[in-house]
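Please read the following note alongside the sequence and the three-dimensional view. It is written for a colleague who is new to reading protein structures.

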Amino acid sequence: MMPNQRILIAGAGPVGLTAAACLVRRGIPVKVFEASVALATESRATTFHPPTLDMLDDLGLAESLVQGGLIARRLQYRSGRDEVMATFDYSAIADLTRHPYRLQCEQFNLTRIIHDQLYGNPNYQFEFGTRVSGVSQDRTGVTVKLSSVSSAPREERGSWLIGADGSHSAVRKALGIPFQGFTWPERFLIVDTSFDFHTALAGLESLTYVAAPTNWRFLLQLPSRWRVILPLARDLPDATSTSPAFARAALSTLASGVDDDKIARIALFKVHQRVAAAFRAGRVFLAGDAAHINNPLGGMGLNGGIHDAVNLAERLGEVCTRPAPDTDLDLYDLQRRAVAIEHVQKHSIRAKHNLETSDPDERDGFRDELRRTANDRHLTREFLRRVSMIASLDRAKELGVP
């Protein structure tokens, strides 16, 4: 292919680089533009679901990722510190996936694995410190405006553009696509700690939700530490909520002995539930956070983005290498946008509501449903299909198929 036939990708996060890996594997040249001067090192998403690992395995990426992560074979729900409401074992879906577990691993490990694998391949070009700031297109290709930290603004041409440039996507804004949805009024706090909660909570699993009205907790074990996510009162000042003293007090609701020196990181963030009004506009596509964002309960954001990348790259690959009609690309918008609305948004909102509800009848209903599900093999299997996102992928396959 000529240079102007390359597929351009805005964003070198896990979604953009997964798309690059899929395309390069097919022999299709790509060029990735990343606004930062290097691959991100921030601690962000940390969960990889079973079908996501299967996809990454097909690309030769899963083995190294699994080696650097922590395997969680069970998912637990608790009511307070001591009562276990239900525990679900991923072995119940072992016939549906090659990876019947959740992998808990920082997302930046994946971007490094992909970049290292692609580095030196003539079909893989990349530029750090270069932001896609504008987009125009015609019948034969896409032109992007580029802003660089080290050179004057310029333009480049490609055959297609994938906007994987995050929730504040310049690509989405350049296309004028609305980002529909809402922002939760409360904020979430992340506390990373070296304290081992296994020593304080008997029978604790490395992936545990603790339900409590206005005081729920989500515990996730990483290879070298634990991560706790919790809601904050709406009127609590930022300076107070990000102090070690507040973090220590918040964790004391789960276990005593979490000293300041065991708190490794405190982060505050707003939580949104939004989906772009369209995932395709001509020769330009949105994927990952540029297309949809949601609360982190369930770990569906990163995984949904990787599913976007694989779906889109496979379709672009058919169009670029075979006489597949461009209209086949409309299935990407149909399938992935429907999944974002029907599954990711619906289930992440429901997960938050179930953990925090103060209505006694709803709390009892949630508890009873969990126990009934855990004690029924068929219900357990369907529950794990849903929370692992296998069900959402099956739903996507149904859409647009005669």
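The numbered points below go from the whole chain to single residues.

1. Overall form. The structure is a predicted model. The protein chain has a radius of gyration of 22 Å, which agrees with the value near 21 Å that a compact globule of 402 residues would have. Its C-alpha trace spans about 65 × 50 × 40 Å along the principal axes.

2. Secondary structure and contacts. There are 12 helices and 20 strands in the protein chain.

3. Burial and surface. Of the 402 residues, 54% count as buried. The accessible surface of the protein chain is about 16900 Å², and carbon and sulfur atoms contribute 49% of that area.

4. Charge. The protein chain carries 48 positive and 46 negative side chains. The centres of these two sets lie 3 Å apart.

5. Helix 12. Which residues of helix 12 are buried? In this helix, which covers residues 390–398, they are Ile390, Ala391, Ser392, Leu393 and Ala396. These buried residues pack against helix 2 (50–58), helix 8 (300–321), helix 9 (330–356) and helix 11 (377–387). Glycine 400 follows helix 12 and has a positive phi, near 80°.

6. The whole structure contains 17 aromatic pairs. One of them is formed by tyrosine 77 and tyrosine 209, which are stacked, with 5.2 Å from centre to centre and 20° between the planes. This pair links distant parts of the chain: tyrosine 77 lies in strand 5 (residues 74–79) and tyrosine 209 in strand 14 (residues 207–211), 132 residues apart. Both tyrosine 77 and tyrosine 209 are buried.

7. An edge-to-face pair. Phenylalanine 182 and tryptophan 184 form an aromatic pair with 5.0 Å from centre to centre and 80° between the planes, an edge-to-face arrangement. Are these two residues buried or partly exposed? The relative accessible area of phenylalanine 182 is 34%, so this residue counts as partly exposed. Tryptophan 184 has a relative accessible area of 16% and is therefore buried. The cut-off that applies here is 20%, under which a residue counts as buried.

8. An aromatic cluster. Tyr77 and Tyr209 also belong to one aromatic cluster, together with Phe88, Phe218, Phe366 and Phe383.

Key. Residues are numbered from 1 along each chain as its sequence is written. This is a predicted model: local features need pLDDT of at least 70, side-chain atom pairs count only at pLDDT 80 or more; totals for chains, interfaces and linings use all residues. Side-chain values use heavy atoms; hydrogens and water are left out. Helices (H or I, at least four residues) and strands (E, at least two) are DSSP runs, numbered from the N terminus. The radius of gyration is taken over C-alpha atoms; the globule rule is 2.2 Å times the number of residues to the power 0.38. Buried means under 20% relative accessible area, exposed over 50%, partly exposed in between (1.4 Å probe, protein chains only). Accessible areas come from the Shrake-Rupley method with a 1.4 Å probe; for residues, only the protein chains shown count as cover. Lys and Arg count as positive and Asp and Glu as negative; His and the chain ends are not counted. The place of a charge is taken as NZ of Lys, CZ of Arg, CG of Asp or CD of Glu. Contact means heavy atoms within 4.5 Å. Rings of Phe, Tyr and Trp (its six-membered ring) pair if their centres lie within 6.5 Å; planes under 30 degrees apart count as stacked, over 60 as edge-to-face and the rest as tilted.
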